[in-house]
Amino acid sequence: MSTNKRSLLLVTGTTLSVVTGATSLLIRYVRREIQRRGYPGWEECQCDFKNQETIFQVWHSRHEQRGETIVSQEWGTYLVHPPTWLRQLLHHSTQALAVLNPLDRYIERVTLSPQQSYQFAGILHASTTNEDLPEPDFQNEAYVVWRREILHVPRYLFDACLRRLYPVNLPPSRVSDVEALPVLWDPANNLPLPNEGPLLDTPVGTRIDCIGWAPAQIAYCTVRR
């Protein structure tokens, strides 16, 4: 065997050993971190991957404030009746991607009461008009509560989902009949998300780690316990 061939085999073998070792270390790190964070296992998870007949897997999203309305646009893949192996793959991949997310972004489960909603709507209005935020007088002015709405539902393999969260005026006489709205809060942008689903059933203060770069890339798989 020539010297060049022996050198090539040596380099190839060394490279494979390094890659195999690094991959093994990475897998062990991901598994330890998943256990440390307390992510739910497949049997106990309440994610869409497990429970829904159709899955909208978000690959990119944009979350922004438009006046006093919060709008979220999500682009992804719409899967109908995916097989069990694909569902489990999405579940475990989601947890691994959240562990490896370099930005360490997360969403927090909070509640917006009518009074908090009024103050927040005033802050949003002031930030878009450069006006000073007036002190609210809840005895003389209407309260504000928040409503969620899906503007576009995905129907095709590659499609988008459009949601919004917007304030609604309410007279003080009806405030006692209104329940506080559970929402997911993005600390990085200091804005709520208009998302729905089982994540809103988690206790207040629950942290949900983001899967990717955008705040809407979240799933029940990465709920911290």
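1. Aromatic pairs. The count of aromatic pairs comes to 0, where rings of Phe, Tyr and Trp (its six-membered ring) pair if their centres lie within 6.5 Å, with planes under 30 degrees apart counted as stacked, over 60 as edge-to-face and the rest as tilted. The model is predicted, so local features need pLDDT of at least 70 and side-chain atom pairs count only at pLDDT 80 or more, while totals for chains, interfaces and linings use all residues. Residues are numbered from 1 along each chain as its sequence is written, and side-chain values use heavy atoms, with hydrogens and water left out.

2. Charges over rings. A charge sits over a ring if NZ of Lys or CZ of Arg is within 6 Å of the ring centre and within 35 degrees of the ring normal. The charged end of R164 is placed over the ring of Y166, 4.0 Å from its centre. R207 lies over the face of Y106, with 4.2 Å to the ring centre.

3. Helices (H or I, at least four residues) and strands (E, at least two) are DSSP runs, numbered from the N terminus; two strands pair if DSSP finds at least two bridges between them.

4. β4 and β5. A hairpin of 5 residues connects β4 to β5. W146 has P167 of β5 as its bridge partner, and R148 stands opposite L165 in β5.

5. The sheet with β3. Another open sheet has 4 strands in the order β7-β6-β3-β8, also with antiparallel pairing. Here β7 (191–193) and β8 (207–209) stand at the edges with a single partner strand each, so one side of each lacks a neighbour in the sheet. The average twist between one strand and the next is 45°. β3 (residues 106–112) and β6 (residues 181–186) pair over 5 bridges, and V110 stands opposite V183 in β6.

6. The cavity. On a 1 Å grid over the protein atoms alone, a cavity is a set of points where a 1.4 Å probe fits but cannot get out, a pocket is an open set with protein on both sides within 12 Å along at least five of seven lines, and lining residues have an atom within 4 Å of a point. There is 1 cavity of 30 Å³ or more. The largest cavity has a volume of about 40 Å³, a volume being the space filled by probe spheres set on grid points joined across faces, edges and corners. Its lining includes V145, W146 and R147, and β4 gives the most to this lining, with 3 residues.

7. The largest pocket holds about 760 Å³ of space. It is lined by 34 residues, of which D48, F56, V58, R163 and I218 are the closest to its centre. The largest share of the lining, 6 residues, comes from β1. α2 (48–51), β1, β2 (69–80), α3 (84–99) and β5 each supply at least two residues.

Note on methods:
Axes fitted to C-alpha atoms, helices over the stretch in contact; angles between N-to-C directions.
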